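I opened the notebook to look up strand pairing and ring contacts. My entries follow the structure.

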Amino acid sequence: MKTLISSDVRLLADLIRKGGVVVFPTETVFGIGAASDNEEACLRIYQIKGRPSDNPLIAHFSSIDAIKKVCYVNEIANQLLCEFSPGPFTLVLPKIDPNIFPKQLPTLAVRIPKNPVIREWIEACGSPISAPSANLSGRPSLTRMTDVVRYFDGIVDGILIAEEPNLGIESTVLGLTTEVPVLLRPGSIESQALRRFLPNLVIPNQIKSTDYKSEDSKTNQSIVPLSPGMKYKHYAPNAKVVLLETEIFLSTFSKQGMDPKFAWIGFSFGSETLPEVLGGKRVLPVANNIDYMAKLYAFFESCDLEGYNRIYCELPIEGEGKEGLLNRLEKATDTSFE
């Protein structure tokens with residue numbers, strides 16, 4: 001298959017209207033999408049990714065008005081969309097258009113990407129774009145065009161060139177189809193911000209940092225599968241991901257930091273702890289949680305390309321970005337789905 005790689009939104013929109021599958025960047029990660037009113041095209045996404053059939057797709061829209069044409073948007077949903085969209089925010093809403101994929105579900109996950117070029121493209125497509133992250137199912141999402149081309153050139157119909165993702169993790173997903181609102185997936189929009197509108201917000205899979213005491217320890221919090229995406233292992237590279245609190249992370253690094261099979265990402269690298277020979281190749285210092293999020297998936301991908309078999313990750317610090325980052329790291333370390 002010849003893949004059209006272009007920044008021309010008209011050409012890529014034409015592919016969508018013809019039933020094609022297109023990879024495109026958002027502010028979070030790259031997505032792989034098809035027209036939401038074309039069931040056959042949407043099902044191709046599952047085949048390409050190896051995605052479980054019960055894991056629904058997020059429909060991407062160009063505006064709130066476009067969402068209102070296919071979903072029931074009540075007052076609180078409208079307030080949330082006005083506050084957090086365009087941006088890394090997904091709402092699960094009751095669906096009023098039965099022709100939007102997936103037809104068998106009465107609900108739809110919707111979001112509006114921040115990049116105006118992507119919204120222009122969606123508008124030109126003449127349909128919402130149903131899209132999960134552009135990766136193979138269970139693998140880390142992609143945040144670099146070079147990785148997208150390596151995975152999908154010759155497999156999808158088109159790749160849209162636009163500004164690459166800068167947030168680095170997927171959108172926050174909030175469910176509004178039950179009696180109480182549920183945070184189905186944390187992201188860069190955190191529960192504290194949502195509680196200004198939703199004081200009764202439920203967080204079913206909140207993670208305790210105190211659960212990580214050693215390399216082999218596991219969280220003792222059960223994950224409630226209220227969202228299909230919570231049923232499967234996610235965001236995991238081929239290398240084993242080990243999540244450690246700072247003291248144990250540093251003591252492990254002092255013992256094994258020179259091992260050529262191991263890679264490291266964290267906050268605690270100063271000149272006294274980072275040998276010159278490592279030089280940022282196997283060790284990636286990060287400044288804060290936001291920086292960590294932005295670099296995490298690309299680091300995972302690079303580690304796999306370079307053949308590392310273990311990646312040590314320092315536990316996120318208190319402050320902005322911890323909630324979503326910790327969720328992605330915990331998912332990448334979890335072996336309960338294997």
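I count two strands as paired if DSSP finds at least two bridges between them. Strands (E, at least two residues) and helices (H or I, at least four) are DSSP runs, numbered from the N terminus. The model is predicted: local features need pLDDT of at least 70, side-chain atom pairs pLDDT 80 or more, while totals for chains, interfaces and linings use all residues. Residues are numbered from 1 along each chain as its sequence is written, and side-chain values use heavy atoms, without hydrogens and water.

**Strand 9.** I looked up its partners. Strand 5 (residues 89–94) pairs with strand 9 in the parallel sense, over four bridges. Val 92 stands opposite Gly 175. Strand 10 (residues 182–185) runs antiparallel to strand 9, with three bridges. Leu 174 has Leu 183 as its bridge partner there. A hairpin of six residues joins strand 9 to strand 10.

I then checked the side chains. Thr 172 and Leu 174 point one way, Val 173 and Gly 175 the other, and all are buried (under 20% relative accessible area; exposed is over 50%, partly exposed in between; 1.4 Å probe, protein chains only).

**Rings.** I searched the whole structure and found 11 aromatic pairs (Phe, Tyr or Trp six-membered ring centres within 6.5 Å; planes under 30 degrees apart are stacked, over 60 edge-to-face, the rest tilted). Phe 84 and Phe 89 lie 5.2 Å apart by ring centres with planes at 50°, so I logged the pair as tilted. Both are buried. Tyr 235 and Tyr 297 are stacked, at 5.9 Å and 25°. These two are 62 residues apart in the chain.
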